[in-house]
Amino acid sequence: MMEWSDLRVFLAIARAGTLGGAARLTGATQPTMGRRLRALEEALGHVLFQRTADGFVLTDEGSTVLGHAERIEAEALAFERELNGSEARLEGLLRLSCSDWFGTTLLTPVLAEFGARHPGVCIELLTDARLYSLPRREADMVFRIARFDEPEVISRRLLHIPYAVYAPIGYDTSAIGDGADTRVVTMDIAFSQMPDAIWLKRMLPQANVGFRSNNREVQAALCAQGAGLAVLPRPLGDATPGIAPIDVGEAPPGRDTFVGYHKDMRRLARMRALLDLIVGRLANAGSV
């Protein structure tokens, strides 16, 4: 019986015109090419090439086989592409970790878009204050404001996020001064060394701290309810109804956000697809 793989040898010889050229096309040796061709001719009971001083020329029977072999090759390539194309129909789980407000305000629209494109992928988004470890595989992709220094992690700067001081719309800023008669909402004690918390204490040293929270969305909601001024990331503050940025003489420091993933995940198709979409949608999202 004919070996289907010998058709590949036949096509290579037909295209190259010599055994040596066909060997280079397929990565096999020249003797192997000759042996495989003889086996195919014996299986079919026909001579497929005329051997000449200039190379191999198809016989009539060879020309007939060529048309069928090219169609078989086209079908083989087609189902190979279809199987590889199943990567477009991605499946599996991806676990992401980020801060609360970043997940709600910036990530969820992108994740919804990704889910519509790839319904077979399940995204698990963790938004607590804990730093999930990529080396220990506690998460597949992590977004944070601190750089990654683990050797197993591939990371990049995703975007710079400006911050601003927010107040309820219509707030009278004329008497803010050093904050003596001003209430503020700021980070809790555990996060009191955050750059924006330090900046707020420097700018309004006499302010009365009315509320503390490690949750930026809680801070924004309290600000909207009139509980006090709050330093917020611009994407969150600008998206919160009822509040607006105010000028206190100096802009608070912004923060860079970095994204990282374990190096063993770099070839995972669903990871690459999600990262490409996130970078495409968020690279300039912090600009105002």
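## Terms and model

Buried means under 20% relative accessible area, exposed over 50%, and partly exposed in between (1.4 Å probe, protein chains only). This is a predicted model: local features need pLDDT of at least 70, side-chain atom pairs count only at pLDDT 80 or more, and totals for chains, interfaces and linings use all residues. Residues are numbered from 1 along each chain as its sequence is written, and side-chain values use heavy atoms, leaving out hydrogens and water.

## Helix H6

Helices (H or I, at least four residues) and strands (E, at least two) are DSSP runs, numbered from the N terminus. H6 spans residues 195-203; Asp196, Ala197, Trp199, Leu200 and Met203 are buried there. Seen down the helix axis, these buried residues fall within an arc of 160 degrees (taken from the directions from the axis to the C-beta atoms), so they line one face of H6. Lys201 and Arg202, on the other side, are exposed. The cover over the buried residues includes strands S7 (163-168), S8 (183-186) and S10 (229-233), and helix H7 (216-224).

## Strand pairing

Strands pair if DSSP finds at least two bridges between them. S3 (residues 92-97) runs parallel to S4 (residues 121-126), joined by six bridges. Leu93 has Cys122 as its bridge partner in S4. S3 also runs parallel to S5 (residues 141-144), with two bridges. Here Ser97 is partnered by Val142.

## Nonpolar core

A nonpolar core is a set of buried Ala, Val, Leu, Ile, Met, Phe, Trp, Tyr and Cys residues joined through side-chain atoms within 4.5 Å. The largest has 50 residues; Phe102, Leu107, Met141, Phe143, Leu158 and Ile278 have the most contacts inside it. A second, separate core of 18 residues includes Ala12, Ala22, Leu37 and Leu66.

Conventions
Contact = heavy atoms within 4.5 Å.
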